[in-house]
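The structure is shown first.

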Amino acid sequence: MAINPKKHEMPTQDAKVRAHNFDEVATGYTEEIALLEADRCLNCKNRPCVEGCPVNINIPEFIVKIKERKFEEAYDEISKSSSLPAVCGRVCPQESQCESKCTLGIKFEPVGIGRLERFVADYHNEHSNEMKKPENTNNHKVAIVGSGPSGLTCAGDLAKKGYNVTIFEALHTAGGVLVYGIPEFRLPKKIVSKEVENLSKLGVEIKTNVVIGKTLTIDELFEMGYEAVFVGSGAGLPNFMGIKGESLKGVYSANEYLTRSNLMKAYKEKMVTPIMKGGKVAVVGGGNVAMDAARTALRLGAEKVYIIYRRSMEELPARREEVEHAMEEGIDFKILTNPIEIIGYENKEDKRDEKNGEVIGIKCIKMELGEPDEKGRRKPMPIDNSEFILDVNTVIISIGTAPNPLIKDTTKGLEVNSHGGIIVNEDGLTSRDRVYAGGDAVTGAATVISAMGAGKTAARAIDEYLKTI
Amino acid sequence: MYKIVKKKTLNPTVIQMEIEAPLVAKKAKPGQFIILRVDEAGERIPLTVAGVNEKEGLVKIIFQVVGATTEILNSKKEGDSICDFVGPLGVATHIEGIKKVCIVGGGVGCAIAMPVAEACKKAGATVTSIIGFRNKDLVILEDEFKGFSDKFIMMTDDGSYGRLGNVTVPLKEMLEGGEKFDEIIAIGPLIMMKFVVLTAKPFNVPVVVSMNPIMIDGTGMCGCCRLTINRDGKKITKFACVDGPDFNGYEVDFDEAMMRGRSYIDFEKHAREETCNLLKKG
């Protein structure tokens with residue numbers, strides 16, 4: 001049988017329809033499509049895809065199980081390496097990981113590994129509720145700080161090995177960035193809560209509303225009898241550009257904008273948390289978070305949404321799929337453009353005018369790419385006299401984050417690098433005995449899967465260490 | 001869930017509650033705040049800790065009923081619970097080494113100023129308190145303040161109680177009269193704090209102000225509570241939730257903070273009206 005050269009298309013909601021709702025964009029493979037796509041896998045001997053996966057899922061093995069229609073067994077195969085398959089199947093950048101190594105990809109399009117992973121996870125979530133609590137607990141207590149992807153993974157791996165695991169979460173809902181950051185239309189929250197529920201079934205205890213570094217310190221966790229601590233506290237405070245007008249009414253960090261919409265559900269009726277809806281919106285930045293913010297603004301009713309990015313389309317760091325989806329939905333990409341000032345309304349006659357301080361525009365300058373810098377990235381340079389004003393009333397700044405200071409400031413002997421990221425060795429061990437760390441708290445803003453990989457590494461190291469006691 | 005153990009009305013719009021939150025009670029220091037959410041549909045609001053009872057694990061909060069969330073919170077009775085209560089957040093007020101302090105409190109800000117006065121007194125400082133309200137009916141915590149103050153001055157805007165005028169009037173008199181303070185700690189409406197700073201400036205007295213911007217997570221993630229700080233000719237962005245809430249009053253851009261504080265004024269008015277209608281029906 002000839003191999004289909006192309007990946008089977010992912011069924012999606014029509015762009016015009018989905019631009020106005022928060023339902024998931026991609027609706028997922030049907031059983032029929034999944035079987036056809038699984039058939040494209042050559043099941044090659046050298047398994048390069050496994051190398052491309054940060055948590056080394058046995059990819060050919062789970063695809064074989066799909067071919068055999070043994071979907072639950074496929075799920076078990078994935079579960080050996082991943083605690084959050086339904087999440088990874090949706091948000092992993094597979095095109096630069098497993099799928100980039102696929103043998104089939106040399107001549108044709110690679111196997112749609114991410115889509116198959118999602119199919120298997122969704123099948124399992126729909127058909128099975130089983131999650132066995134491990135029979136033997138070893139009575140060792142481990143504390144996990146933060147319930148984002150690294151924390152959930154570390155907790156899951158340790159619980160499966162019989163550890164007594166407690167997760168401390170600062171917010172009122174578990175899930176970290178999966179809940180406050182990634183929007184519903186890309187990762188439905190019921191999927192995250194299902195994964196969290198699965199962990200609870202494994203015996204993991206989740207304590208919300210506890211800020212480590214404030215409510216309790218890491219030293220106090222040890223006093224409470226925890227024998228090891230994993231810090232997966234995530235990225236911290238948003239960066240701003242330092243240009244005029246960043247404190248005007250209607251200027252948000254992407255973190256704030258997405259938190260209002262995702263965590264506080266400001267997009268729903270009857271929720272008390274406000275968010276500015278409608279009008280014209282400019283999102284500054286070109287990462288996945290910028291795409292999420294822009295597409296959220298559109299769904300909240302904006303009449304026009306711009307992405308402002310200082311380099312060209314080639315350098316835009318967001319996943320291709322997200323960029324394509326955003327373009328289909330009508331997001332306007334202003335590339336090679338850099339903001340230099342946000343302009344606010346000012347009624348000089350009446351200082352009490354409530355409109356004072358509202359955003360009325362963003363002044364930008366055109367850029368061109370200059371010589372490559374030491375990292376090989378071409379440096380964007382402003383073009384003289386190319387300033388122009390975009391007429392907008394909301395600006396969302398999405399140019400990354402700086403690490404949160406709370407844990408560093410309250411944990412003696414915990415070393416951080418010049419960017420404020422926690423320093424760890426190859427096992428995820430920090431400069432403090434029995435304190436491990438991973439995810440954005442270590443690396444700065446990165447991907448869900450790399451955070452999961454770090455959680456996994458630390459779980460292995462914690463197990464190795466505590467086994468010897 | 002966090003139980004409302006005690007509830008007391010301090011004046012027609014200011015309510016005091018004691019909430020069962022032992023972990024917070026164990027840690028909270030004057031100047032720190034908590035974030036609460038009344039129910040699943042609610043927003044997260046920051047409130048400064050007005051006192052703790054560590055033995056019983058209670059945290060005291062004092063709030064003015066000003067919007068939808070505080071209306072809903074006020075509809076709760078003793079014995080009811082709220083769904084989230086997290087803290088203590090922010091950096092505690094620095095009181096070490098202060099020998100002579102002037103505490104200036106305005107309106108519901110006195111709820112935060114009082115525990116600071118208490119802490120200063122207990123640390124051995126000489127405490128002068130100037131507290132101000134719009135009128136007699138709105139006065140709260142007078143006896144408590146008197147108990148922790150070596151000198152106590154009550155001001156009302158309309159003269160219906162204490163002296164007539166703003167809190168800056170006696171402050172200016174004292175400073176002009178040669179009174180020396182190691183520090184002035186001002187807690188109240190932004191406009192009051194701004195004028196305390198302007199009053200103190202000619203006399204070179206350090207002024208600490210307690211900022212209360214809009215917040216969401218309160219843990220250093222969203223950046224909503226950012227303030228512009230003018231330091232050494234540069235504008236710096238600081239976050240009230242992790243860097244504050246206390247700041248050097250001379251460095252704060254008050255006008256910007258006031259403008260940002262009114263970002264959702266229309267939404268808030270509307271949400272409050274809707275909530276009031278709902279509560280009436282209930």
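## Conventions

Two strands are taken to pair if DSSP finds at least two bridges between them. Helices (H or I, at least four residues) and strands (E, at least two) are DSSP runs, numbered from the N terminus. The model is predicted: local features need pLDDT of at least 70, side-chain atom pairs count only at pLDDT 80 or more, and totals for chains, interfaces and linings use all residues. Residues are numbered from 1 along each chain as its sequence is written, while chains are lettered from A and ligands numbered from 1 in the order in which they are written.

## Parallel sheet of chain A

In chain A, 5 strands form an open sheet with parallel pairing, in the order E3-E2-E1-E4-E16. Strand E3 (205-207) and strand E16 (435-437) of chain A each have a single partner strand and stand at the edges, so one side of each lacks a neighbour in the sheet. With direction ignored, neighbouring strands of this sheet are turned by 20° against each other on average; angles run from 0 to 180 degrees between N-to-C directions, and axes are lines fitted to C-alpha atoms, for helices over the stretch in contact.

Strand E4 (residues 228-231) of chain A runs parallel to E16(A) and is joined to it by 3 bridges. Within E16(A), A:Ala437 stands opposite A:Val231. H18(A) packs on the sheet and touches strand E1 (141-145), E4 and E16 of chain A; contact between two residues requires that their C-beta atoms, placed from the backbone, lie within 7 Å. The direction of H18(A) makes about 170° with that of E4(A).

By class, the contact of H9(A) with H18(A) comprises 10 nonpolar, 4 polar and 3 charged residues. Here Ala, Val, Leu, Ile, Met, Phe, Trp, Tyr, Cys and Pro count as nonpolar, Asp, Glu, Lys and Arg as charged, and the others, Gly among them, as polar.

Elsewhere in chain A, strand E8 (residues 304-309) and strand E9 (residues 332-335) pair in the parallel sense over 4 bridges. A:Lys334 of E9(A) is the bridge partner of A:Ile308.

## Domains

Chain A is divided into domain 1 (15-127), domain 2 (141-236 + 403-467) and domain 3 (240-401), with bounds from an automatic or database domain assignment. The centres of domain 1 and domain 2 of chain A, taken over C-alpha atoms, are separated by 26 Å. Their contact takes 18 residues from domain 1 of chain A and 23 residues from domain 2 of chain A.

Chain B is divided into domain 1 (2-89) and domain 2 (100-261), whose C-alpha centres lie 22 Å apart. In chain B, 16 residues of domain 1 are in contact with 19 residues of domain 2. E4(B) contributes the largest share of the side of domain 1 of chain B that touches domain 2 of chain B, 4 residues.

## Contact between the chains

Between the chains, 32 residues of chain A are in contact with 37 residues of chain B. E7(B) gives the most to the side of chain B that touches chain A, with 6 residues. That side of chain B divides into 19 nonpolar, 9 polar and 9 charged residues.
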